[in-house]
Amino acid sequence: MPKPTDLPVWTQLQQHADALHDQPLRALFAADSERFQSFSRHYEQLLVDFSKQRITADTFALLQELAQQAEVPAAIERLFSGERVNHTEQRPALHMALRNRSGGPLWFDGQDVMPEVHRVLEQMHRFADKVRSGAWTGYTGKPIRTVVNIGIGGSDLGPKLVCQALRPYGDPMLKMLFLSSIDGAHAHHILRRCDPETTLFIVASKTFTTQETMTNAVTARSWLLAALGHEAAVAKHFVAVSTNLRAVEAFGIDPGNMFVFWDWVGGRYSLWSAIGLSIMIYLGHERFYELLEGAHALDEHFRHTPLTDNLPVILALLGVWNGNFLGADTHVVLVYDDYLRSLASYLQQLDMESNGKSIDRDGDPVSYATGPVVWGGLGNNGQHAFYQLLHQGTHQFAADFLAPVHTTDPVGGHHSILLANCLAQSQALMTGRTADEARAELSAQGLQGEALEALVPYKVFAGNRCSTTVLYQSLTPRTLGMLLALYEHKVFVQGVIWHINSFDQWGVELGKQLTKSILPQLQGRAAPTLQDSSTQGLIDYCQRH
């Protein structure tokens with residue numbers, strides 16, 4: 001695959017961006033009454049409106065050409081064909097196999113991986129049904145009423161997001177808790193909400209050596225044994241999502257209650273695997289399969305739809321346009337749906353761990369921007385917090401607005417007000433307010449003369465802030481599966497265009513390694529080693545106090 005800056009269309013896009021600089025979005029809308037029809041796409045329950053992006057028909061055509069010259073269609077086929085697209089770890093990225101509902105095969109090294117995927121799904125199905133029905137009981141014979149997922153990163157963010165998002169579909173008799181942080185306060189706050197006789201712990205760690213996860217698991221195990229008094233209780237209150245059978249057995253977990261996944265499943269793509277056991281327990285297997293079916297439908301759309309109508313490809317190209325040609329180095333996710341309050345955190349890992357890279361696939365330093373800083377949260381709350389920066393700040397950014405057309409919790413006129421705020425904010429970012437408009441508004445309020453003119457500059461909004469709005473008819477398991485797969489594939493396409501590996505994450509390794517040298521010093525188990533003066537000074541301060 002070629003480097004993007006070597007592509008002929010890259011220079012054309014730079015020149016086009018310069019020519020478009022003085023054309024505000026207001027003018028683009030005024031010049032084209034059909035702009036929404038031209039720059040929006042539907043797929044099932046999803047509507048993606050990108051007409052408020054700073055693009056023209058020429059921009060869109062050039063971006064489509066960028067996808068062609070970057071060989072995006074071929075890269076998509078390599079991804080789905082099980083090639084080792086993660087070249088630094090010599091692995092494929094076959095998370096699509098986990099949600100392949102077609103009945104057809106998916107191949108890796110000449111083997112169809114689907115029989116093993118179905119075997120684990122069936123194991124999860126049987127276990128989840130036992131927990132939900134009360135057939136699985138704790139050590140004292142009581143049914144499970146609390147499930148604690150112990151994991152971190154992809155073993156936490158995905159399951160937590162889905163269980164929050166689909167709470168209306170969850171078992172009302174089950175309390176779902178997620179323990180991730182190594183901070184002992186987190187373990188304390190989680191465990192105080194649990195009854196040892198009715199709590200099931202899911203320890204999610206592929207290697208069963210992840211420091212944070214295993215420290216929390218040992219703490220939970222000690223807490224359980226202190227209450228129930230017998231080692232045999234562990235097997236009734238702990239299950240594992242792992243591949244390390246020996247470590248799982250040593251912990252006291254029945255090997256029959258170890259749920260496996262594979263090297264071709266990256267952590268941030270793993271909620272569709274056995275990592276989603278907490279999801280299946282909470283929602284039931286039917287709803288979990290609906291989640292998979294939604295993701296599979298989007299996979300099929302991504303693989304087979306022409307680039308001009310391909311939602312992940314379009315979102316990816318807009319991200320490249322904003323980041324590499326319009327100078328937007330942050331991407332804000334503005335969610336007008338309380339059930340998706342964790343989406344921004346989930347997308348932070350998905351996007352920033354995937355494309356936060358400065359070395360390309362050839363091992364060379366990149367000379368262009370790659371993944372943006374991803375942030376955001378609940379949009380309506382943000383209006384009273386950080387939107388001031390969005391409207392009148394000095395930073396360049398791109399924004400995604402997400403909202404459901406229908407709410408699962410109709411309360412008075414709340415939802416129409418919520419939707420109105422969502423649509424108004426994207427409109428305000430686009431239009432802004434001119435000095436003349438500010439004067440007219442202030443005059444209508446009775447202000448005149450010098451007082452009016454003094455206030456005008458503060459009331460002016462530049463506008464011309466680009467955004468995409470994603471509306472979904474309602475947040476069902478199928479729709480959520482589609483939304484998450486949409487963003488997964490967007491991130492992949494951007495990695496293809498930037499000529500980077502979206503599936504490794506070597507940048508997280510160094511901090512883990514240095515922790516191993518600092519921890520013994522902090523605990524007084526080792527003599528001081530050669531540290532920089534800042535780190536050694538901080539260690540000394542912690543030890544003294």
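**Entry 1**

I began at Phe401, which stands opposite Thr469 in β13. Before going further I noted that this is a predicted model, where local features need pLDDT of at least 70 and side-chain atom pairs count only at pLDDT 80 or more, while totals for chains, interfaces and linings use all residues. Residues are numbered from 1 along each chain as its sequence is written, and side-chain values use heavy atoms, with hydrogens and water left out.

I then looked at the strands themselves (E runs in DSSP of at least two residues; helices are H or I runs of at least four, and both are numbered from the N terminus). Strand β12 (residues 397-404) pairs with β13 in the parallel sense over six bridges; two strands pair if DSSP finds at least two bridges between them. Strand β2 (residues 46-49) runs antiparallel to β13, joined by four bridges, and Leu47 has Leu471 as its bridge partner there.

How many residues of β13 are buried? I found six of its six (residues 467-472), with buried meaning under 20% relative accessible area, exposed over 50% and partly exposed in between, for a 1.4 Å probe and protein chains only. Ser467, Thr469 and Leu471 are buried on one side, and Thr468, Val470 and Tyr472 on the other.

**Entry 2: the sheet around β13**

I traced an open sheet of six strands in the order β1-β2-β13-β12-β10-β11, with mixed pairing. Its edge strands are β1 (40-43) and β11 (373-378), each pairing on one side only. From one strand to the next, the twist averages 15°; axes here are lines fitted to C-alpha atoms, for helices over the stretch in contact, and angles run from 0 to 180 degrees between N-to-C directions.

I checked the β1 end too: four bridges join β1 to β2 in an antiparallel run, and His42 has Leu47 as its bridge partner in β2. Helix α16 (residues 343-355) packs on the sheet, touching β10 (330-335), β11 and β12, and its direction makes about 170° with that of β11. Contact means heavy atoms within 4.5 Å. Helix α19 (residues 414-431) also packs on the sheet, touching β12 and β13, at about 160° to the direction of β12.

**Entry 3: the five-stranded sheet**

I moved on to an open sheet of five strands, ordered β6-β5-β7-β8-β9 with parallel pairing. The edge strands are β6 (175-179) and β9 (258-259), each of which pairs on one side only. Strands β7 (residues 199-204) and β8 (residues 238-241) are parallel and share four bridges; Val203 stands opposite Ala240 in β8. Helix α10 (residues 211-228) packs on this sheet, touching β5 (146-150), β6, β7 and β8, with its direction about 155° from that of β7.

**Entry 4: the nonpolar cores**

Which residues touch the most other members of the largest nonpolar core? Of its 148 residues, they are Leu66, Trp264, Ile281, Leu340 and Leu343. I counted a core as a set of buried Ala, Val, Leu, Ile, Met, Phe, Trp, Tyr and Cys residues joined through side-chain atoms within 4.5 Å. Helix α22 (residues 477-498) gives the most to this core, with 13 residues. A second, separate core of 14 residues includes Leu47, Leu390, Ala399 and Cys422.

I followed Leu66, which sits in helix α4 (residues 57-69). Leu66 counts as buried because its relative accessibility is 0%. Leaving out residues up to four places away in sequence, Leu66 touches Leu7, Val9, Trp10, Leu13, Leu317, Val320 and Ile497.

**Entry 5: cysteines**

I looked for disulfides (pairs of cysteine sulfur atoms within 2.5 Å) and found zero. For Cys194, the nearest cysteine sulfur is that of Cys163, 15 Å away. Cys422 is in no disulfide either, and the sulfur of Cys466 is its nearest, 15 Å away. Cys422 is buried, with a relative accessible area of 0%.
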